[in-house]
Amino acid sequence: MQRQPVVLISEDEIDINNLLTLILQAENVIVLQAFDGQSAWDTFVARADEIDLLVTDLGLPKMGGVELIERARKLKPSVKIIGASGFGRNNVREEVMQAGADEFMPKPYVTAELVAAAKRLLGTA
C-alpha cells in the first residue's frame with residue numbers, strides 16, 4: 001500500500017490555510033500547516049524526508065515565499081512546489097519559477113485547479 005502524500009501549506013491567512021487543508025485532506029493527503037515563512041521553513045527542515053509537496057503563498061511574514069521556495073529546493077531537490085500569489089506584478093510567475101517552483105497559482109485560489117495541480121505533482125492524478 002502506498003503511503004499518503006504529505007503536503008506543507010504555508011499561508012498566513014488562517015481561513016485560506018484551513019480551507020486548503022480541508023480540501024487536500026479530502027483527497028487523502030496528510031497536511032502540515034504553517035502560518036508564516038519561518039515556521040514553514042522550520043517544519044520543512046524538521047520533516048523534509050516526509051514532505052512531498054510545498055504549497056506556499058509569496059507574501060508571508062517572517063520569511064517571504066520566494067526565499068522559502070529557494071531554501072526548500074536546495075535542501076530537498078525532489079520536493080514538488082506550488083507558489084501562489086495575489087500580487088498583480090507582471091513578473092511574479094517568472095520570479096516563482098526561477099526560485100524553483102514547479103507551478104504558479106494566482107490567488108484567489110481556484111480550489112479545483114489547486115487540487116488538480118497537487119494531484120499532478122504528487123503523481124496521484
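Two strands pair if DSSP finds at least two bridges between them. Strands (E, at least two residues) and helices (H or I, at least four) are DSSP runs, numbered from the N terminus. The model is predicted: local features need pLDDT of at least 70, side-chain atom pairs count only at pLDDT 80 or more, and totals for chains, interfaces and linings use all residues. Residues are numbered from 1 along each chain as its sequence is written, and side-chain values use heavy atoms, with hydrogens and water left out.

Axes here are lines fitted to C-alpha atoms, for helices over the stretch in contact, and angles run from 0 to 180 degrees between N-to-C directions.

Strand 3 pairs with strand 1 (residues 6-10) in the parallel sense, over four bridges. Val55 of strand 3 is the bridge partner of Ile9. Strand 3 also pairs with strand 4 (residues 80-85), again in the parallel sense, over five bridges. Here Leu53 stands opposite Lys80 of strand 4. Between strand 3 and strand 4 the chain passes through helix 3 (residues 65-75), and this β-α-β crossover is right-handed. Right-handed means that, with the strands pointing away from the viewer, the path from the first strand over the helix to the second runs clockwise.

Strand 3 (residues 53-57) is largely enclosed by the rest of the structure, because five of its five residues are buried. Buried means under 20% relative accessible area, exposed over 50%, and partly exposed in between (1.4 Å probe, protein chains only). Leu53, Val55 and Asp57 point one way from the strand. Leu54 and Thr56 point the other way.

Strand 4 and strand 5 run parallel and are joined by four bridges. Met105 of strand 5 is the bridge partner of Ala84.

The axes of helix 2 and helix 3 come within 10 Å and cross at roughly 5°. The two helices are therefore roughly parallel to each other (angles under 35 degrees; over 145 counts as roughly antiparallel, 65 to 115 as roughly perpendicular, the rest as oblique). Helix 2 makes the contact (heavy atoms within 4.5 Å) through Gly37, Ala40, Trp41, Phe44 and Val45. Helix 3 contributes Leu68, Arg71, Ala72 and Leu75.

A search of the whole structure finds one aromatic pair. The ring centres of Trp41 and Phe44 are 6.2 Å apart and the planes lie at 15°, so the pair is stacked. Rings of Phe, Tyr and Trp (its six-membered ring) pair if their centres lie within 6.5 Å; planes under 30 degrees apart count as stacked, over 60 as edge-to-face and the rest as tilted. Trp41 and Phe44 are three residues apart in helix 2 (residues 37-47), and so about one helical turn separates them. Trp41 is buried, at 15% relative accessible area. Phe44 is buried too, at 0%.

Ser78 sits in the loop between helix 3 and strand 4. Ser78 is exposed, with a relative accessible area of 53%. Its C-alpha atom is separated by 22 Å from that of Met63, 15 residues away along the chain.
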